[in-house]
Amino acid sequence: MYRKKILLVIILCAVLSACANQKIVNEIVLVHAISFDTVANGIKSAALIANFREQGKTELQVLHTESNSNNGTLPRLNERTKDPLERGQLRMVLFGKTHAEKGTRTEIHNLLRDPKISSRLQLGVADGDASDVLEFIQKFQEPIFLSDMIEQNMINGNLPLLNLHESLFNYYGEGRDMFLPYFKIDHGEVIIDGLALFRSDQKIIEISMKDAFLLKMLIQNSKNGNYMVPVAGKASNKQVEDFIFLRSMHSKTNYIVNKVNPIPSILIRLKLETELQDVPDWVDLRSEEQLTQLEKTMGSYLKTEIEKFLSLLKENKVDPVGLGDLVRSRSKEWSAQDFEKIYQEIETTVSVQVKIVNTESA
């Protein structure tokens, strides 16, 4: 009898808890994504929200508001709903291209001060108006589509590690710059078209997913990134250029600061273990001689590509790799202002060693 009473109490508590949670869901509006765009009169903001309809079902909607200030976005959006907005499930903050170029300082500071914002939040930049991307996602009724896309491309593709914590670290850290995924609507689909590189809070340039892979290898041990490498081949008895599709299994980069003053000199050593995919027919994967030659060819090509990439960063005065932070750790007299003046003159020497650990025929 005693056990039956205890069981009854547990069941009642469970039922009451379930009812309480359902009531809460019915009385709030979940915000999954927010966008910021620059318009003639100030700032245009939008929010992708989920309205609870019935058990297990929600309906996505996009709310819009405009103001001459980007402060108080949620309170203004809150005026357009019958229930209060809840930002605890916010997974994406998206900046329009023009807005990102003008500066994102206020939004970043607001995110940092908000205790309800999860560290799983992702930041991004849209090619065009960010609100257009939210409208596009709303049609498919997938509230966390953008953040899931970023996560998938970090794990299986060319994107380096991205989240609010990493973005804030790069933004506030001395000697490094922030980078964010760059979204584009292409032929009826939302795609990640590369990365937007920032100087302080302003977007300066975009880079392709190909260059995103190079950045990934330069700043972390990468897995599953993809890259296309040209190789000299033969077809119809004529020399032509074929391509080998490589997939990173593991990479490791070491930095050696050979000199700090007056102009820093840095040696970058990259080791990459890779598997081959989509190999041309003329390549004999059983030949040790050919595999060795392919390793040298790929190493030489990646060395050249990384050197070009570093030149692009210096030319635009953006430092997503964190070379400034590296030099700062070796110098007691480092200052951001002085380093910025000499950043374009930094001497970087690159060495790449490729090891083919697996092969996969197309």
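Just past helix α9, K317 takes a positive phi of about 55 degrees. The model is predicted, so to speak of local features takes pLDDT of at least 70, and side-chain atom pairs count only at pLDDT 80 or more, while totals for chains, interfaces and linings use all residues. Residues are numbered from 1 along each chain as its sequence is written, and side-chain values use heavy atoms, leaving out hydrogens and water.

**Helices** (DSSP runs of H or I, at least four residues; strands are E, at least two; both numbered from the N terminus)

**The buried face of α6**

- L146, S147, M149, I150, N153 and M154 of α6 are buried, that is, under 20% relative accessible area with a 1.4 Å probe, protein chains only.
- These residues share one side of α6, because they cover an arc of only 155 degrees around the axis, taken from the directions from the helix axis to the C-beta atoms.
- Their cover includes strands β5, β6, β7 and β8 along with helices α5 and α8.

**Cores** (buried Ala, Val, Leu, Ile, Met, Phe, Trp, Tyr and Cys joined through side-chain atoms within 4.5 Å)

- The largest nonpolar core has 71 residues, and L146, F183, L195 and L294 touch the most other members.
- Helix α9 gives this core its largest share, nine residues.
- Apart from it lies another core, of 28 residues, including V31 and Y171.

Note on methods. Buried means under 20% relative accessible area, exposed over 50%, partly exposed in between (1.4 Å probe, protein chains only). Contact means heavy atoms within 4.5 Å.
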